[in-house]
Amino acid sequence: MQWWKNLKKPGKLSEPLKNHTTFRIGGAAQLFFRPHDLAELRQIVRNCSKRDLKILVLGAGSNLLVSDKGARAAVIKLDSLAFRKTSKVRNILEAGAGKPLNQLLTYCRVHGLSGLEFMAGIPGTIGGALAMNAGVCVDKKLLSIGDLVESVRVLDYNGNIKILEGRKLKFGYRRSNLAKYIILSARFKLNFQNSRQIQDKINDYLVRRRNTRDYSRPNAGCIFKNPPGDSAGRLIDACGLKGKKIGGAVVSSKHANFILNQDRCSAKDVLALVKLIQKVVKKKYGVLLEPEIKIWK
Ligand SMILES: Cc1cc2nc3c(=O)[nH]c(=O)nc-3n(C[C@H](O)[C@H](O)[C@H](O)COP(=O)(O)OP(=O)(O)OC[C@H]3O[C@@H](n4cnc5c(N)ncnc54)[C@H](O)[C@@H]3O)c2cc1C
């Protein structure tokens, strides 16, 4: 029986994932779901677990490279209204995992809540940002979303809801211990500030990003993590790899840690460029660059 057809929002077979990633690359998902609400999400998770079908959670797909063969898994995208709710009690903000970061910042500005402005311009959802502990480096200081988290509500792969707080939350540089769950929502502790000042800060961060990041072609942001005490972009640039091309994939001339989908490129092209960069940087500087992007094979 095709159980996925009987949902309020029925699952789909063979959904092209290139339509759900900012890289615009990727084959199809075996099964693709956009659950209507939490009850439906739990039903999907239990059904997949029962059938040993791997589950992959998708946010805005802005940190992902999906293989050309696609994903032999059930891919779940939490973009229904039920997963995009936002509310606040005094200075504690609660946001659903599917909430896009830019919309959350608008909410913060309107309600005079400050703290998350540094996330301005990062094209993801709350769920993806928490799983990745997304953030920016400002004046050599790392600002990450995890620093502001009070608690996170998650679903485990048996369909049980848990609230993780305090010591149960572990955030590191572009990683967290949340990736093993389905993140449902999170609470952030913010500060009160007037909307004008919040908007000014957001504008500052956006200008800074526009000057340094490359938005000219589809991409997934920084490909590699920065090695301790250095910058991956600096090392790649120093190896003369800006503009290096394999197939339709090219190393950005503006930001050497960005690979652009310049000309209908495949995941194979990107992976070949990733390997080449790793090899050249390792040979010249003895540093093995670790990918920051998640690769679904
Ligand atoms: C132009 C550009 C600029 C960028 N700049 C930055 C930057 O400055 N700093 C930065 O940190 N990142 C940056 N990124 C990368 C990316 O935007 C962030 O990592 C973002 O937080 C990813 O969110 P997402 O919703 O797109 O996650 P996705 O890419 O969809 O997923 C990323 C990972 O999170 C997991 N995930 C997503 N949602 C959930 C959930 N609900 N529960 C559990 N796991 C989940 C996925 O399974 C996957 O492993 C940039 C990307 C682009 C394209």
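**Note on a predicted single-chain model**

1. D139 sits in the loop that connects strand 9 (135-138) with strand 10 (141-144). The model under discussion is a predicted one. The phi angle of D139 is near 50 degrees, a positive value in a residue other than glycine. Most residues other than glycine have a negative phi. With a relative accessible area of 68%, D139 is classed as exposed, because that value is over 50%.

2. S14, which is not a glycine either, has a positive phi of about 55 degrees. The residue belongs to strand 1 (residues 12-16), whereas D139 lies in a loop.

3. On the overall architecture, the secondary structure of the chain amounts to 6 helices and 20 strands. The radius of gyration is 19 Å, close to the 19 Å that the globule rule gives for 297 residues, so the chain is as compact as a globular protein of that length. The C-alpha trace spans about 55 × 50 × 30 Å along its principal axes.

4. Burial and contact range may be read together. Of the 297 residues in the chain, 51% are buried. When contacts between residues at least 6 apart in sequence are considered, 65% of them join residues at least 24 apart. The chain exposes about 14900 Å², and carbon and sulfur atoms supply 49% of this area.

5. As to charge, the chain carries 55 positive and 22 negative side chains. The centres of these two sets lie 3 Å apart. Side chains of opposite charge can pair when their charged atoms come close. The number of salt bridges in the model is 11, and three of these pairs are taken up in the points that follow.

6. R34 and D79 form a salt bridge through their side chains, with an N to O distance of 3.0 Å. R34 lies in the loop between strand 2 (28-33) and helix 1 (38-50), and D79 in the loop between strand 5 (71-77) and strand 6 (86-89), so the pair ties together parts that are 45 residues apart in sequence. Both partners fall in the intermediate accessibility class: R34 is partly exposed at 32% relative accessibility, and D79 is partly exposed at 23%.

7. In the salt bridge between D156 and K162, the closest N and O atoms are 3.8 Å apart. The cut-off for a salt bridge is 4 Å, so this pair qualifies. D156 counts as buried, its relative accessibility being 10%. K162, by contrast, is partly exposed, with a relative accessible area of 34%.

8. R174 and E292 also form a salt bridge, and their closest N and O atoms are 3.6 Å apart. R174 is in the loop between strand 13 (171-172) and strand 14 (175-176), while E292 is in the loop between helix 6 (267-285) and strand 20 (294-296), so the pair ties together parts that are 118 residues apart in sequence. Both R174 and E292 are buried.

9. G135 is placed in strand 9 and is buried, at 10% relative accessibility. Beyond its neighbours within four places in sequence, G135 is in contact with F118, M119, I122, L143, S144 and R174. The C-alpha atoms of G135 and Y173 are 9.0 Å apart in space, although 38 residues separate the two in sequence.

10. Strand 13 contains F171, which is partly exposed with a relative accessible area of 25%. Apart from neighbours within four places in sequence, the contacts of F171 are L130, N133, G146, V149, S176 and L178. F171 and V287 are 116 residues apart along the chain, and their C-alpha atoms are separated by 24 Å.

11. I293 lies in the loop between helix 6 and strand 20, and E292 is in that loop as well. I293 is buried, with a relative accessibility of 6%. Neighbours within four places in sequence aside, I293 is in contact with N63, L65, A220, C222 and I223. K12 is 281 residues away from I293 in sequence, and the C-alpha to C-alpha distance between them is 26 Å.

Technical notes: Residues numbered from 1 in each chain as written. Predicted model: local features only at pLDDT ≥ 70, side-chain atom pairs only at ≥ 80, totals over all residues. Heavy atoms only, no water. Helix = DSSP H or I, 4+ residues; strand = E, 2+ residues; numbered from the N terminus. Buried < 20%, exposed > 50% of the residue type's maximum accessible area, 1.4 Å probe, protein only. Rg over C-alpha atoms; globule rule 2.2 N^0.38 Å. Contact = heavy atoms within 4.5 Å. Areas by Shrake-Rupley, 256 points an atom, 1.4 Å probe, with all protein chains shown as cover. Lys, Arg positive; Asp, Glu negative; His and termini not counted. Charge placed at Lys NZ, Arg CZ, Asp CG, Glu CD.
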